[in-house]
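Here is a short briefing for a first look. Keep the sequence and the model in view while reading.

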Amino acid sequence: MALVIMKQILDEATKSNYGVGAFNVNNMEQIQGIMKAAKEVQSPVIVQASRGALKYTSMYYIKHMVAAAVEDNPDIPIALHLDHGNSLQTCREAIALGFTSVMIDGSLKEDSKTPTTFDENVEITKAVVEYAHRFGVTVEGELGTLGGIEDGVGSGVVKLTDPGEAARFIKLTGVDALALAIGTSHGAYKFKAQPTLAMDIISAVKAKCPATPLVMHGSSSVPPELIDIINEYGGRLEHTMGVPISAIQEAIKLGVKKINVDTDGRLAMTGAIRKFFAENPSEFDPRTYFGAAREAVYRVVRGKMIDYGSAGHARDYGPISLEEAKMYYC
Ligand code: G3H
Ligand code: 13P
Ligand code: ZN
């Protein structure tokens, strides 16, 4: 199977009402851990790379490592998605590289820090949609801003999505999927206590735009057991709360179909490597500790594929090609 466009993965998820995890990757072990989980539970998957990931891997490594994942897993629908694209140029580069989906985060200016106006967001998102659809590539937009700052990305200011604006935004831009701000934030420090997310925003947008799959960023659950492993083996992370699985499942029922997860994978790898070195102080073969990290990613992702309901859906459909996809966007 070739890479699949994200729109097909999300439309199928909408039909059968499950969520699909979009997992951030920066290296081979993350990709292999994710793919081991997808293969085992037979789940479609969205593999996403941030601008930071593209810089870290000098772009070509991501392209070819994901191509290897496709070759190794011919039965699994895989979309390769640009996470938080900041400009038309970045999206063009990702499309030229072979990404089947891009996010233009027009909620922030090109500096990825300063919030934009509604009109500025419409303008840049529309330009990316017009460009990407010529190649059959899917586009995710964002309206409203999340809290939290990752790698210098994010304003740190929360502005929840206005459902009326979201409906206008979808119409004006022709975007294929929309990320909503409902109170989540990026990173490991999301909430001090059990969070209450603005689920009513999801329902209101879904009522106005039933055909558009919605996206939830900042969806790591920050499981206490992952923080415990890190701290038990010399780390020092504060215990906070992430997004509970039950909240994600409720969001999926209401219309969220893409669930972005980066932090939980990072925590899993860090804990596994710390534990490995504490227990094997004389080991220095990178395959041993990276192997342990890869298994930790696999376990976390496998659980999410089951919890989000995507497990068992890999063979529900055959992929449409990028050529066919050009007709598919309307
Ligand atoms: O949304 C941000 C993702 O967690 C990616 O983070 O920019 O540090 O790669 P990064
Ligand atoms: P987390 O930091 O909660 O994993 O969110 C990742 C994300 O939204 C990537 O776009
Ligand atoms: Zn995000």
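**Briefing**

By class, the shell around ligand 2 holds 10 polar residues, two charged residues and one nonpolar residue. Here Ala, Val, Leu, Ile, Met, Phe, Trp, Tyr, Cys and Pro count as nonpolar, Asp, Glu, Lys and Arg as charged, and the others, Gly among them, as polar. This is a predicted model: local features need pLDDT of at least 70, side-chain atom pairs count only at pLDDT 80 or more, and totals for chains, interfaces and linings use all residues. Residues are numbered from 1 along each chain as its sequence is written, while chains are lettered from A and ligands numbered from 1 in the order in which they are written.

**Ligand 2**
- The shell has 13 residues (C-beta atom, placed from the backbone, within 6 Å of the ligand), and the closest are His217, Ser220, Asn260, Asp262 and Thr263.
- Strand E3 (78-85) and strand E8 (256-261) each give two or more residues to this shell.
- Strands (E, at least two residues) and helices (H or I, at least four) are DSSP runs, numbered from the N terminus.

**Helices H6 and H7**
- H6 (residues 118-133) passes H7 (residues 163-173) with axes that come within 9 Å and cross at roughly 35°.
- Axes are lines fitted to C-alpha atoms, for helices over the stretch in contact, and angles run from 0 to 180 degrees between N-to-C directions.
- Phe118, Val122, Thr125, Lys126 and Val129 in H6 meet Glu165, Phe169, Leu172 and Thr173 in H7 (C-beta atoms, placed from the backbone, within 7 Å).
- By class, this contact has five nonpolar, two polar and two charged residues.

**Confidence**
- The chain averages a pLDDT of 95 (the predictor's confidence in each residue, from 0 to 100).

How values were computed
Two residues are in contact if their C-beta atoms, placed from the backbone, lie within 7 Å.
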